[in-house]
Amino acid sequence: MPREDNEMRGYKAAMSNRKVSPEAKQHAQDMLNELGGDQAREERYQAEAENKNPTRVSAGLKAAQHNPRVTEGGKQRASKKMEERGAPEE
């Protein structure tokens with residue numbers, strides 16, 4: 001996990017903590033903006049999604065199809081994604 005992620009978490013925590021002064025909250029917001037705000041996080045999320053292990057993704061989709069706690073709509077979405085990936089269904 002990049003160092004910036006931890007920094008961003010700390011600044012976001014400071015902003016939501018009622019014990020932190022308004023000046024400190026403003027500093028935290030300034031630092032978040034300097035680090036890229038949510039834009040940087042979204043770019044990292046997209047990069048991580050592209051690097052996922054396809055076998056593990058398929059295993060998760062297959063598990064969702066058989067999990068009794070998953071809604072029927074969720075099971076159908078998992079089946080559709082499996083078809084799109086070209087993975088065999090059971």
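I take a polar contact to be a pair of N or O atoms within 3.5 Å, where within protein one must be able to donate a hydrogen and the other to accept it, and residues adjacent in sequence count only if both atoms are side-chain atoms. The model I am reading is predicted, so I keep in mind that local features need pLDDT of at least 70 and side-chain atom pairs pLDDT 80 or more, while totals for chains, interfaces and linings use all residues. Residues are numbered from 1 along each chain as its sequence is written, and side-chain values use heavy atoms, with hydrogens and water left out.

**Entry one, Asn6.** I looked up Asn6 in helix 1 (residues 3–16), helices being DSSP runs of H or I with at least four residues, numbered from the N terminus. The side chains of Asn6 and Arg9 are joined by a polar contact of 2.7 Å.

**Entry two, Lys75.** I found Lys75 in helix 5 (residues 72–85), and Lys75 counts as buried because its relative accessibility is 17% (buried is under 20% relative accessible area, exposed over 50%, partly exposed in between, with a 1.4 Å probe and protein chains only). The side chain of Lys75 reaches the backbone oxygen of Asn67 at 3.4 Å. Leaving out residues up to four places away in sequence, I noted that Lys75 touches Ala64, Gln65, Asn67, Pro68 and Val70, contact meaning heavy atoms within 4.5 Å.
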